[in-house]
Amino acid sequence: MGLYVVTGSASGIGDAVAKQIRAEGHQVIGVDIRDADIVADLSDEANCESVITRIRELATDGIDGLIPCAGVGPECPRPALIPLVNFFAVVALVNGLLPLLERKRGAIVLISSNSSRMLEYDEDYMQALLTEDREKALRLVETVDGQGAYGGSKQALTRWMRKTNAAVAGCGVRMNAIAPGYTETGMTASGKSDPRFREALKQFVDSIPIGRPGMPADQADAVLFLLGGKAGFISGSVLFVDGGHDAVFRPDSY
Ligand code: NAD
């Protein structure tokens, strides 16, 4: 039986990932701001350290996987939470839990987004994230809109994954990311119910080539594949799980 850490386990993609891992007979330590084994607000740097300490106490033999799903969307009323939760908390957890993953030659699956290539973002903001300049990133996020703040956070996270991948692989740990497209979760429900975005959102979803929106289980299926032995030679990759949407928007890029 394996032991996995899933953040954002209370809802949406994190909940689906935790359920699938448990259904395969493994244990999950769920972390979320609510309804989780470890309840913590991951936007706070000190809380991230406390979570890492708690997981070290619970998982003395190491962990088999880390899936940091906790995140906030472009409509988040406090813009600072976008870089804090979507980028800095993920980086802190990967760095802090790497020794535990190394012990079991585990795997990490980050949650990027296909919007990291679709949404325009401010380059300085994205670079501030990538260089882990927290002060600058938190200053700049107040000057960009929600879409740019979100897209930039996922772009930075994905590039960070690729830049650090060799070092992580050197510890015997595979790290990859999925890039979900539009997926029906709490995050997208707010846009759907807002009359200002409803029509545009419907058109966007209708343009997904597979002909339907993503469901949390679609994302969890991809995460479990990347965690497992069948993905044993996959490292530093970004798997688009978006019904073909990225291929429509960027047919000449891969
Ligand atoms: P969701 O809102 O259903 O789940 C997010 C989870 O993160 C929630 O359980 C929430 O409580 C938790 N969370 C938020 N802020 C937190 C904090 N400060 N501390 C601890 N936990 C916190 O949304 P989701 O769609 O399942 O999102 C999961 C991940 O997938 C996110 O990283 C999101 O950016 C990414 N994503 C989602 C979509 C989509 O269309 N739904 C598309 C691309 C990427």
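This is a predicted model: local features need pLDDT of at least 70, side-chain atom pairs count only at pLDDT 80 or more; totals for chains, interfaces and linings use all residues.
The ligand sits in the largest pocket, with 30 residues around the ligand. The closest of these are Ser11, Ile13, Asp32, Tyr150 and Thr185. Lys154 places a polar side-chain atom 2.9 Å from a ligand oxygen. On its own the ligand has 820 Å² of accessible area, of which the protein covers 92%. Two or more shell residues come from each of α1 (12-23), α7 (146-170) and α8 (186-193), and α8 gives the most, with three. The shell comprises 14 nonpolar, 12 polar and four charged residues.

Turning to the pocket itself, the space in the largest pocket is about 1300 Å³. Its lining is made of 45 residues, with Val72, Gly73, Tyr150, Met187 and Thr188 nearest the centre. Here α8 again has the largest share, at four residues. By class, the lining divides into 22 nonpolar, 18 polar and five charged residues.

The second largest pocket has a volume of about 320 Å³ and is lined by 16 residues, among which Arg117, Val238, Phe240, Arg250 and Tyr254 are closest to its centre. At least two lining residues come from each of α4, α7, β7 (238-241) and α11 (245-249), with the largest share, four residues, from α7. This lining has five nonpolar, six polar and five charged residues.

Conventions
Residues are numbered from 1 along each chain as its sequence is written. Side-chain values use heavy atoms; hydrogens and water are left out. A residue is near a molecule or strand if one of its heavy atoms lies within 4 Å of it. A polar contact is a pair of N or O atoms within 3.5 Å; within protein, one must be able to donate a hydrogen and the other to accept it, and residues adjacent in sequence count only if both atoms are side-chain atoms. Accessible areas come from the Shrake-Rupley method with a 1.4 Å probe; for residues, only the protein chains shown count as cover. On a 1 Å grid over the protein atoms alone, a cavity is a set of points where a 1.4 Å probe fits but cannot get out, and a pocket is an open set with protein on both sides within 12 Å along at least five of seven lines; lining residues have an atom within 4 Å of a point. A molecule sits in a cavity or pocket if more than half of its atoms lie within 2 Å of its grid points. Ala, Val, Leu, Ile, Met, Phe, Trp, Tyr, Cys and Pro count as nonpolar, Asp, Glu, Lys and Arg as charged, and the others, Gly among them, as polar. Grid points are joined across faces, edges and corners, and a volume is the space filled by probe spheres set on the points.
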